Amino acid sequence: VTGTGSTGGELRFSFDPPEPLVIQVDEATWPLSVRWTVTSCDFLPDGVGTRPIFTITPAGADASELRFHHHGLTQELECIEQCTRGWDHFLESLRQYAQAGRGMPRGSSAERARRTRAA
């Protein structure tokens, strides 16, 4: 990821395709919430205009709860399956990072092997 994560910033997420997913940071209130709008996504164009939102709330002395909602990502969009798989992966990676200090942002070894075979 490159860019600026503060309110008004822009983030560019590079995945396997050469064109990045571009997100406008609508609001970043440290450490409570982040609201984004997808502004460009050549590999999943129907996701443009959708709005991922992350909210963190305290859940005890040493815990927090992360809530995630991707507004506008509905069953009617062609990208629903790929986006859902992607969020499932990255949110699990974030959980592992928060709990154990190590996530898997590039995927598990099994997932990397699957992508290599599919290419």
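Reader: Why is Phe54 called buried?

Author: Happy to start there, and keep in mind that this is a predicted model. Phe54 has a relative accessible area of 12%. Buried means under 20%, so Phe54 counts as buried.

Reader: What makes Phe54 and Trp87 an edge-to-face pair?

Author: Two numbers settle that, and this pair is among the five aromatic pairs that the structure holds. The ring centres of Phe54 and Trp87 are 5.8 Å apart, and rings pair if their centres lie within 6.5 Å. The planes of Phe54 and Trp87 are 65 degrees apart, and planes over 60 degrees apart count as edge-to-face.

Reader: Why does the pair of Phe54 and Trp87 tie together parts that are apart in sequence?

Author: Phe54 lies in strand S5 (residues 51-58) and Trp87 in helix H1, so the pair joins parts that are 33 residues apart in sequence.

Reader: Is Trp87 buried or exposed?

Author: Trp87 is buried, because its relative accessible area is 19% and the cut-off is under 20%.

Author: Trp87 has another partner, Phe68, and this aromatic pair is tilted.

Reader: How do you know that the pair of Phe68 and Trp87 is tilted?

Author: The centres of Phe68 and Trp87 are 4.5 Å apart, with 45 degrees between the planes.

Reader: Why is Phe68 called partly exposed?

Author: Phe68 has 25% relative accessibility.

Reader: Why does Tyr97 count as exposed?

Author: Tyr97, in helix H1 (residues 80-100), has 53% relative accessibility. Exposed means over 50%, so Tyr97 counts as exposed. Together with Ile56, Leu66 and Leu94, Tyr97 forms a nonpolar patch on the surface, with about 370 Å² of accessible area.

Reader: What makes the link between the side chains of Thr37 and Asp26 a polar contact?

Author: The contact distance between these side chains is 2.5 Å, and a polar contact needs N or O atoms within 3.5 Å. Thr37 sits in strand S4 (residues 33-41) and counts as buried at 18% relative accessibility.

How values were computed:
Residues numbered from 1 in each chain as written. Predicted model: local features only at pLDDT ≥ 70, side-chain atom pairs only at ≥ 80, totals over all residues. Heavy atoms only, no water. Patch = residues over 30% accessible without salt bridge, like charges linked within 9 Å, V, L, I, M, F, W, Y side chains within 5 Å. Areas by Shrake-Rupley, 256 points an atom, 1.4 Å probe, with all protein chains shown as cover. Salt bridge = Lys/Arg side-chain N within 4 Å of Asp/Glu carboxyl O. Helix = DSSP H or I, 4+ residues; strand = E, 2+ residues; numbered from the N terminus. Buried < 20%, exposed > 50% of the residue type's maximum accessible area, 1.4 Å probe, protein only. Phe/Tyr/Trp six-rings, centres within 6.5 Å; stacked < 30°, edge-to-face > 60°. Polar contact = N/O pair within 3.5 Å; in protein donor to acceptor, adjacent residues only side chain to side chain.
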